[in-house]
Amino acid sequence: MAAPAEAVRDAGLTEATEVAELSRALSRLLPGLEAESKLGRRRALEALQRELEEAAARPGADPAAFQGPWARLLLPRLLRLLCDPAEGCRALAAHLLSLGLRLAARPHDALPRLLPALAARMARPAPARPPPESCEELRLALVQLLGLAVQLGGAALAPHLDDAVRVLRAALLDPFAAVRREGCQCAADLARATPDHFHVQSESLVGPLMQTISHQHWKVRVAVIEATGSVIEFGAGKSVDDVLPHFAQRLFDSVAQVRQAVTSVVGGWLLRLRDRYSFFHKLIPLLLSSLSDEMPEVRQSAVRLWEEVGLQWQEENEVDLKDKLDFASPPPAHYPQQTSRPGLGCRELVFRNLSKILPAICHDITDWVVGTRVKAAQLLPVLLLHAEEHVTQHLETVLWTLQRAYADEETAVVSSCARSAELVGTFVSPEVFLKLALPVLRKTPSSILVVLASIIRGCPRDALQPHLQVIATELAQPCVCQASENDLYLEHLLLCVQALVSVCQEDCSTACLPLMEVLLTVMAVSGANTLRDKAQETMESLARVKKVPSSQDLYHRHLGPCLQRLTTSHCDWTAHAGELRQFCEVLARAGPALGGALQHVVPTLRACLQPDRDPHMRLRLFSTLSSLLLRPQDTVDSQGQFGGYLPTVVEDILAPNLQWRAGKTAAAIRMAAVSCLWALTTGGVLLAPQVWEVQQVLLPPVLAMLEEDAQSPRLVACRIVSVFLKSSGDRMGPDTLTAIYPELLKRLDDVSNDVRMAAIAALVTWLHCVQSTGEKSHYQSSVQYLYKELLVHLDDPDHTVQDAVLEVLREGSLLFPDLLVQEIQAVMHKHRSTTYCEQLLQHVQAAAPTTQ
């Protein structure tokens with residue numbers, strides 16, 4: 001027992017000796033600290049610095065020996081020197097205080113004097129006035145000194161929180177970025193050092209932190225976010241509401257480290273915040289938003305933290321989740337591919353807070369700021385993926401949100417909404433979502449079509465199959481498929497059909513007809529060729545799933561019912577009727593299938609092409625009919641049945657529309673009708689007897705059209721007359737033939753050379769017809785008159801016309817050569833050049849022996 005006592009006595013003597021020596025050394029230096037000259041004070045401080053640094057470096061230095069002189073002699077003087085007029089002296093004083101705190105055995109004893117002194121140098125006397133310490137580097141040193149005091153003092157700072165917080169508030173708003181960063185670090189350390197008392201003062205730091213969170217330096221922003229995490233975690237939980245809007249804005253930060261800091265802090269709150277259960281519905285959206293971050297590191301951190309949050313909550317609520325844990329349900333069979341299913345705890349957390357989160361998402365997804373809309377749209381599919389079948393409870397809200405968001409101009413918003421709608425289709429029964437979607441489709445189809453298309457894409461085939469016919473029928477309703485001519489609307493309509501075909505595959509056979517009607521509407525109404533091509537590709541896809549070679553087979557199977565439904569309202573059609581456009585589109589695309597559906601086509605054309613119907617509609621129908629008659633074997637006569645409808649086409653359709661009526665519109669219709677007649681007579685569908693029947697009815701109006709004002713109808717009429725003469729001229733009587741040639745002769749004076757040449761060609765055919773009759777004498781006077789008129793045009797200024805007229809006279813010379821010679825000789829001297837007359841005489845004289 002004596003030996004330990006002696007050791008203690010010796011140690012005490014040694015400590016007393018060290019204290020005495022240190023006190024003597026300091027006593028020599030301390031008077032210099034009170035010197036009037038700043039140089040003297042500075043030299044004393046430098047000497048004191050060397051002394052303290054030697055003491056710190058001396059092996060076996062006893063902090064207890066330093067404690068007494070430090071607290072009694074050095075600390076008061078150094079604290080006074082913090083207010084020294086010389087900046088260098090203040091800097092040395094701050095440095096010496098830092099050394100002293102490290103060397104002292106009980107640094108917390110200095111806190112009652114140190115903290116007020118720091119507050120006096122750092123705290124602003126008024127918000128608008130600068131801090132007492134004007135030097136930035138010194139303010140940084142003072143905040144670092146506070147950080148050292150927090151580190152060494154620990155919980156002993158609790159009685160001095162007020163002064164410490166005053167220093168930190170000033171540091172957090174300091175103009176110098178390094179001071180702000182150091183203040184943030186110090187605030188976080190202070191919160192961790194005084195967990196039992198910090199909540200009393202924590203709220204006073206939240207305001208300055210949030211003022212600094214948007215600082216231009218990203219490192220300051222990161223420091224603020226991390227400090228806020230600690231201040232909230234160890235402080236008053238109610239400050240979360242004040243912080244969250246600022247954190248949400250930092251998720252849009254352009255620097256990934258800032259977004260990473262937000263993710264880490266929010267994840268830490270969800271794991272460790274005392275009142276975290278009260279803030280789940282506010283914190284979960286922030287963390288889940290990071291799952292869609294553009295940087296992989298941020299996404300990975302968010303995934304890891306979210307999994308930890310879910311597992312912790314699952315363990316804390318194990319009793320409530322016992323049944324679900326013991327009888328875990330497997331993921332749905334149609335769960336999205338390449339997507340890992342969240343854990344039970346994560347799913348339950350989202351499901352239980354979804355009713356509080358969704359309203360905020362619905363609000364932000366239509367915000368005026370693009371970034372906010374994008375983030376909200378990206379968050380929605382994440383929530384739906386966690387909610388799974390529980391989203392049914394909020395389906396009306398989700399559908400309403402998607403309808404509004406799909407109208408956004410941002411591609412990122414639309415693509416996220418498409419993903420959300422697909423998840424709705426995955427997790428919600430078609431019977432449920434159709435009850436909400438179909439009424440909207442009937443009232444305002446433009447807002448729901450694209451949403452419905454995405455939902456259908458996400459549906460499993462077996463669940464959608466019983467509702468396929470209902471959906472297809474609704475899409476084919478006029479109030480839906482004809483609701484708008486806008487290309488974007490038609491594209492959305494097409495997307496619905498494409499989704500049905502891609503999901504249901506062979507099951508689409510039961511709804512083939514309404515789907516065809518929708519596609520035909522898109523092709524008929526759209527003004528964009530790309531959209532029409534897409535609709536045709538979808539038609540081919542529909543044919544493939546129906547196991548037929550091409551879309552033409554679909555027309556063969558469904559053209560009759562399709563036309564029957566289209567033409568039920570033909571009495572009310574106008575040029576703008578949607579059914580008219582569909583009808584024309586069907587006729588243009590049906591091809592050979594039309595040959596078996598003439599019982600629907602011809603009566604509709606007859607009713608719609610009457611003179612009292614809409615002129616513009618008649619023009620469109622005549623244009624369509626002309627294109628069909630140009631290739632009858634591939635369209636209307638593919639099955640050889642068109643002949644049975646020829647009288648209707650000629651007498652009820654063409655004849656009424658070839659009659660002359662005043663006005664430019666009537667002239668345009670006559671032109672369209674005569675074009676149809678030209679296609680009919682040259683398309684190869686008519687045999688010679690049928691041409692005879694046609695010309696008996698239509699020759700008079702065709703001859704009348706030779707007097708039309710426009711060039712085109714005159715030209716076509718000349719050509720039709722020529723066709724009539726070629727096909728049935730041998731059956732025409734003298735009266736008919738005699739009535740034709742004067743009209744053709746008039747066209748030789750036409751202003752158009754094309755018309756003149758066509759008339760000359762028709763006259764050649766007319767002469768052949770006269771020559772083939774057995775009673776040429778009946779036509780002698782007519783032919784003689786023809787000779788006279790042709791000889792006039794033999795002296796035409798246009799050599800092409802002269803050559804053509806010469807050929808006509810050569811052909812006609814076979815009828816009455818003597819008459820022709822007389823007429824030539826009578827007019828030869830009047831011609832500017834007798835060359836053509838001489839050639840014609842030579843031809844007649846050379847042919848005379850043959851004819852004799």
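Visitor: Which helices do the buried residues of helix 25 pack against?

Guide: This is a predicted model. In helix 25, the buried residues are Tyr-489, Leu-490, His-492, Leu-493, Leu-494, Cys-496, Val-497, Ala-499, Leu-500, Val-501, Val-503 and Cys-504. These buried residues pack against helix 21, helix 22 (461-464), helix 23 (468-476), helix 24 (478-481), helix 26 (512-525) and helix 27 (529-545).

Visitor: What span should the 18 residues of helix 25 have, and how far apart are its end C-alpha atoms?

Guide: Helix 25 covers residues 487-504, and at 1.5 Å a residue its 18 residues should span 26 Å. The model agrees with this, because the end C-alpha atoms are 26 Å apart.

Visitor: Is Gln-505 buried, partly exposed or exposed?

Guide: Gln-505 lies in the loop between helix 25 and helix 26. Its phi is near 55°, a positive value in a residue other than glycine. Most residues other than glycine have a negative phi. With a relative accessible area of 29%, Gln-505 is partly exposed.

Visitor: And Lys-547: is this residue buried or exposed?

Guide: The place of Lys-547 is in the loop between helix 27 and helix 28 (551-566). Lys-547 is a residue other than glycine with a positive phi, near 65°. Buried would require under 20% relative accessible area, and exposed over 50%. At 62% relative accessibility, Lys-547 therefore counts as exposed.

Visitor: Which residues is Leu-475 in contact with, leaving aside its neighbours within four places in sequence?

Guide: The largest nonpolar core has 297 residues, and Leu-475 is among the six that touch the most other members, together with Trp-70, Phe-247, Leu-542, Leu-680 and Trp-766. Beyond its neighbours within four places in sequence, Leu-475 is in contact with Leu-441, Leu-449, Val-480, Cys-481, Leu-493, Cys-496, Leu-500 and Val-518.

Visitor: How many nonpolar, polar and charged residues does the contact of helix 20 with helix 21 have?

Guide: The axes of helix 20 (residues 430-443) and helix 21 (residues 445-458) come within 7 Å and cross at roughly 145°, and the crossing is left-handed. Helix 20 contributes Phe-433, Leu-434, Ala-437, Val-440, Leu-441, Arg-442 and Lys-443, while helix 21 contributes Pro-445, Ser-447, Ile-448, Leu-449, Leu-452 and Ile-455. By class, the contact has 10 nonpolar, one polar and two charged residues.

Visitor: What is the corresponding make-up, by class, of the contact of helix 12 with helix 13?

Guide: Helix 12 (residues 256-272) and helix 13 (residues 280-289) pack at about 145°, and their axes are 9 Å apart. Helix 12 passes helix 13 in a left-handed crossing. Thr-263, Val-266, Gly-267, Trp-269 and Leu-270 of helix 12 meet Phe-280, Leu-283, Ile-284, Leu-286 and Leu-287 of helix 13. By class, these are eight nonpolar, two polar and no charged residues.

Visitor: How many of the 12 residues of helix 7 are buried?

Guide: Helix 7 (residues 161-172) reaches 16 Å from its first C-alpha to its last, close to the 16 Å expected. Its buried residues are covered by elements including helix 5 (111-122), helix 6 (136-153), helix 8 and helix 9 (203-212). The buried set consists of Leu-161, Asp-163, Ala-164, Val-165, Val-167, Leu-168, Ala-170, Ala-171 and Leu-172. Helix 7 is thus mostly covered, and the number of its buried residues is nine.

Visitor: Where does Ser-239 lie, and is this residue buried or exposed?

Guide: Ser-239 is placed in the loop between helix 10 (218-234) and helix 11 (240-250). Not counting residues up to four places away in sequence, Ser-239 touches Glu-203, Val-206 and Ile-232. Because its relative accessibility is 1%, Ser-239 counts as buried.

Visitor: Which residue just after helix 33 takes a positive phi?

Guide: Helix 33 (residues 664-682) has 19 residues, and its end C-alpha atoms are 27 Å apart, in agreement with the span of 27 Å that it should have. Its buried residues, including Arg-670 and Leu-680, pack against helix 31 (615-629), helix 32 (646-658), helix 34 (688-704) and helix 35 (711-728). Just after helix 33, a positive phi of about 90° is taken by Gly-684.

Methods
Residues are numbered from 1 along each chain as its sequence is written. This is a predicted model: local features need pLDDT of at least 70, side-chain atom pairs count only at pLDDT 80 or more; totals for chains, interfaces and linings use all residues. Side-chain values use heavy atoms; hydrogens and water are left out. Axes are lines fitted to C-alpha atoms, for helices over the stretch in contact, and angles run from 0 to 180 degrees between N-to-C directions. Helices (H or I, at least four residues) and strands (E, at least two) are DSSP runs, numbered from the N terminus. A crossing is left-handed if the near helix is turned anticlockwise from the far one by less than a right angle, and right-handed if clockwise. Contact means heavy atoms within 4.5 Å. Ala, Val, Leu, Ile, Met, Phe, Trp, Tyr, Cys and Pro count as nonpolar, Asp, Glu, Lys and Arg as charged, and the others, Gly among them, as polar. A nonpolar core is a set of buried Ala, Val, Leu, Ile, Met, Phe, Trp, Tyr and Cys residues joined through side-chain atoms within 4.5 Å. Buried means under 20% relative accessible area, exposed over 50%, partly exposed in between (1.4 Å probe, protein chains only). The expected span of a helix is 1.5 Å times one less than its number of residues.
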